[in-house]
Amino acid sequence: MVRYRRNRVPGGTFFFTVALLDRRSDVLVRHVAELHASVAVERGRRPFRIDAYVVLPDHLHAVVTLPPADDDYAGRWRAVKSGFVRRLRKAGVVIPRNTRGESALWQRRFWEHTIRDESDYRRHVDYIHFNPVKHGLAVRVRDWPYSSFHRHVARGILPVDWADAPGAVAMPDTGEPA
């Protein structure tokens, strides 16, 4: 069995990409309320801060900070993913099973990157907020509803027209696989 090497930093801040198995699906935006509920339940069980996020039809990105002395982001993602599947099934959504009998909704793994410094943090938050434009889902960052960009605008962290001008934001290299 392959052993994935994860950088376990108690209290660390991490960038994540979590994707559906079927990258043509739009289940995340069609059932965004169930996704948010699954995240909220897990945050109630084991707290963590969501610094930035974006939910796209087939994947999501997030920058998350764990509490001091806690490094279990993998357990949190496992709980969010399984909670989402349970909520979908309860809502009557048919989710196929793989040959092992597991739900075939999510990719088994996720992409994770440990945030190293303030510049790395800013690059990843910008990447998250610009991602709907990158994927052609929105013309302007502010047009995509499933993003922490709106929270950042409300708090005065970013202007509402952030990245509106062509070439205003260079897509940062996050190291994420294409």
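**Reading salt bridges and a pocket in a predicted model**

Student: Where do Arg49 and Asp51 stand relative to one another?

Tutor: I begin with Asp58, which counts as buried at 11% relative accessibility; buried means under 20% relative accessible area, exposed over 50%, and partly exposed in between, with a 1.4 Å probe and protein chains only. This is a predicted model, in which local features need pLDDT of at least 70 and side-chain atom pairs count only at pLDDT 80 or more, while totals for chains, interfaces and linings use all residues. Residues are numbered from 1 along each chain as its sequence is written, and side-chain values use heavy atoms, with hydrogens and water left out. As to your question, Arg49 and Asp51 form a salt bridge with their closest N and O atoms 2.4 Å apart. Asp51 is buried at 8%, whereas Arg49 is partly exposed at 46%.

Student: How many salt bridges does the structure hold?

Tutor: A salt bridge is a side-chain nitrogen of Lys or Arg within 4 Å of a carboxyl oxygen of Asp or Glu. The structure holds 16 salt bridges. One of them joins Asp58 to Arg23, at 2.9 Å from N to O. Arg23 lies in the loop between strand E1 (13-19) and helix H1 (27-30), and Asp58 in the loop between E2 and E3, so the pair ties together parts that are 35 residues apart in sequence. Helices (H or I, at least four residues) and strands (E, at least two) are DSSP runs, numbered from the N terminus. Arg23 is partly exposed at 40% relative accessibility.

Student: Which residues are linked in a network of salt bridges?

Tutor: Glu42, Arg45, Arg46 and Asp72 are linked in such a network.

Student: What is the volume of the second largest pocket?

Tutor: Rolling a probe the size of a water molecule over the atoms shows where empty space is left. On a 1 Å grid over the protein atoms alone, a pocket is an open set of points where a 1.4 Å probe fits, with protein on both sides within 12 Å along at least five of seven lines; lining residues have an atom within 4 Å of a point. A volume is the space filled by probe spheres set on the points, which are joined across faces, edges and corners. Here the second largest pocket has a volume of about 300 Å³. Of its 21 lining residues, Val39, Phe48, Ile50, Tyr53 and Trp77 are the closest to its centre.

Student: Which element supplies the largest share of that lining?

Tutor: Helix H2 does, with five residues.
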